[in-house]
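Reader: I'd like to go through the labels on this one and ask what stands behind each of them. Shall we take them in turn?

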Amino acid sequence: MSERYELKAGLFLLCAVLLLLIAVWLLGEERQIFSRQAEYFTEFADVQGLAEGAPVRIGGITVGRVSRIGFLEQAPEPTVQITLLINTEFASRLHADSTAAIETQGLLGDKFLAIKPGKAA
């Protein structure tokens, strides 16, 4: 009789671990954690409530995320530097004359970084 309970407990534990792995994979895919990413920087005088982890979009498509927000120490005026992680598959769409803007989405006013790609040189 105890072997039967051990088998049930083992199957339950196996199912729980499998569900946990699926959840981690789905969340990682949504947040693009497992994608190859390149690091880019941009600067603003005011980040207007933008937070680390906010999406970065080009043409409405999420191509990365904000990884760090901090003050630029060498600047004479208070300047905020934003570090972006952009998926390498979209990095070719960014050029030297690309521009970034902080925009709002939804009724709650969640912030994201919108990039307008420039022209290829």
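Predicted model: local features only at pLDDT ≥ 70, side-chain atom pairs only at ≥ 80, totals over all residues.

Reader: What makes a residue part of the lining of the second largest pocket, and which residues line it?

Author: A lining residue has an atom within 4 Å of a point. Those that line the second largest pocket are Tyr 40, Phe 41, Thr 42, Leu 84, Ile 86, Leu 94, His 95, Ala 96, Ser 98, Thr 99, Ala 100 and Ile 115. Strands E1 (37-44), E4 (80-87) and E5 (99-105) each bring at least two residues to that lining, and E1 gives the most, with 3. By type, the lining splits into 8 nonpolar, 4 polar and no charged residues.

Reader: Thr 99 is in that list. Why is Thr 99 called partly exposed?

Author: Its relative accessible area is 45%. Buried stops under 20% and exposed starts over 50%, so with 45% Thr 99 lands in between. Thr 99 belongs to strand E5, and its C-alpha atom is 47 Å from that of Cys 15, a residue 84 positions away along the chain.

Reader: And Asn 87, what makes it buried?

Author: The cut-off is under 20%, and Asn 87 has a relative accessible area of 3%, so it is buried. Asn 87 sits in strand E4, and its side chain makes a polar contact of 3.2 Å with the side chain of Gln 37.

Reader: How do you know that the 3.2 Å pair counts as a polar contact?

Author: The limit for N or O atoms is within 3.5 Å, and the Asn 87 to Gln 37 pair comes in at 3.2 Å.

Reader: What makes the charged end of Arg 57 sit over the ring of Phe 112?

Author: CZ of Arg has to be within 6 Å of the ring centre and within 35 degrees of the ring normal. For Arg 57 and Phe 112 the distance is 4.6 Å.

Reader: How many aromatic pairs are there?

Author: The count is 0; a pair would need ring centres within 6.5 Å.

How values were computed:
Residues numbered from 1 in each chain as written. Heavy atoms only, no water. Phe/Tyr/Trp six-rings, centres within 6.5 Å; stacked < 30°, edge-to-face > 60°. 1 Å grid on protein atoms, 1.4 Å probe; cavity = no way out; pocket = protein on both sides within 12 Å on 5 of 7 lines; lining within 4 Å. Helix = DSSP H or I, 4+ residues; strand = E, 2+ residues; numbered from the N terminus. Nonpolar A, V, L, I, M, F, W, Y, C, P; charged D, E, K, R; others polar. Buried < 20%, exposed > 50% of the residue type's maximum accessible area, 1.4 Å probe, protein only. Polar contact = N/O pair within 3.5 Å; in protein donor to acceptor, adjacent residues only side chain to side chain.
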